[in-house]
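The following text walks through one protein model, from its overall build to a few individual residues. Please keep the structure in view while reading.

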Amino acid sequence: MAGRTNTPFDPRDFLANVGKGKTILEFGKGDVIFSQGDEANTIFYIQKGRVKVVVISEQGKEAVVGILEPGQFFGEGCMNGHSLRIATTTAIESCMITAITKIAMLAALRNQPKFSELFMSYLLTRNSRIEEDLIDQLFNSSEKRLARLLLLLANFGKEGSPQLISPNISQETLAEMIGTTRSRVSFFMNKFRKLGLINYNGKIEVNSSLLNAVLYDKPEIQRDP
């Protein structure tokens, strides 16, 4: 009698399907996934769509601290002892998201090395991005910060062709993410378009010339604030 073979564990199949401790959720544009101060006991994984992360200060001031894309986790602070959410997350377009309970997440990390590897890779990449964002805020002009953000949102440097940036990501959101005003973002966007660094017809198409301007400190992108 032939022995039964075990199907290899696929972390992406694990995240894409309903199972013990996992639920597949759908959100429409503008739907709040969780709010700052909510109980934190679930981790989320984006299958489709984009999510905006906003932090609100005690004085009521809002700051966009991230735009999350398919393949990214969020809400993982509960794994590190946070009992309450420290940010509000909102779908900025139609989203399909896997919700994983903390207990199920811990079991998968403990029992499935491939899943642990995927999650660790995400955490390391996110940590590097946070460090780069801090350096960007400290040392670069708002114009150069906007250029870098557009490159990141278009997925320059990742596998596959650069993506068009959704019109759901408004100039107000871009301004909040780089710490400037909407009018400055509008001015820079028009400048980038006139220079041929981007095309802007509903969705934003980022050209490789913008990457060259940032990498090689060309005078088109000013360093002065």
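A residue is called buried when its relative accessible area is under 20%, and exposed when that value is over 50%. The model discussed here is a predicted one.

By that cut-off, buried residues make up 38% of the 225 residues in the protein. The chain forms 7 helices and 10 strands. Its C-alpha atoms fill a box of roughly 70 × 50 × 30 Å along the principal axes. The exposed surface comes to about 13,100 Å², of which carbon and sulfur atoms supply 52%. Among contacts with a sequence separation of 6 or more, 71% are between residues 24 or more positions apart.

Helix 5, residues 171–178, illustrates the buried class: 6 of its 8 residues are buried. These are Q171, T173, L174, A175, M177 and I178. What do the buried residues of helix 5 pack against? Their partners include two strands, strand 4 (51–56) and strand 5 (62–68). Helix 3, helix 4 (142–153), helix 6 (182–194) and strand 9 (198–201) are also packed against. After helix 5 comes G179, which has a positive phi, near 75 degrees.

The next level is the division into domains. Domain 1 covers 11–132 and domain 2 covers 140–216. Taken over C-alpha atoms, their centres are separated by 25 Å. Contact between the two involves 11 residues of domain 1 and 14 residues of domain 2. The size of an interface is often given as the accessible area lost when the parts come together. For domain 1 and domain 2, the area buried between them is about 1,100 Å², with 46% of it on carbon and sulfur atoms. On the domain 1 side, R50, V64 and R129 lose the most area to domain 2, and together they account for 43% of what that side buries. How many salt bridges are counted between domain 1 and domain 2? The count is 1. Elsewhere in the description of side chains, E132 and R148 meet in a salt bridge, at 3.4 Å from N to O.

Helix 3 spans residues 113–139, and F139 belongs to it. Is F139 buried or exposed? F139 counts as exposed because its relative accessibility is 58%, where the cut-off for exposed is over 50%. F139 also takes part in a nonpolar surface patch of about 460 Å², made together with L134, I135 and L138.

Two further residues show the opposite ends of the accessibility scale. I103 lies in helix 2, residues 102–111. With a relative accessible area of 72%, I103 is exposed. I103 and G21 are 82 residues apart in sequence, and their C-alpha atoms are 7.4 Å apart in space.

T90, by contrast, lies in strand 7, residues 88–91. T90 counts as buried because its relative accessibility is 14%, against a cut-off of under 20%. Which residues is T90 in contact with, leaving aside its neighbours within four places in sequence? One group is G30, D31, V32 and I33, and another is R50, V51 and K52.

Definitions and conventions
Residues numbered from 1 in each chain as written. Predicted model: local features only at pLDDT ≥ 70, side-chain atom pairs only at ≥ 80, totals over all residues. Heavy atoms only, no water. Patch = residues over 30% accessible without salt bridge, like charges linked within 9 Å, V, L, I, M, F, W, Y side chains within 5 Å. Areas by Shrake-Rupley, 256 points an atom, 1.4 Å probe, with all protein chains shown as cover. Salt bridge = Lys/Arg side-chain N within 4 Å of Asp/Glu carboxyl O. Helix = DSSP H or I, 4+ residues; strand = E, 2+ residues; numbered from the N terminus. Buried < 20%, exposed > 50% of the residue type's maximum accessible area, 1.4 Å probe, protein only. Domains from an automatic or database assignment. Contact = heavy atoms within 4.5 Å. Buried area = accessible area lost by both parts, 1.4 Å probe.
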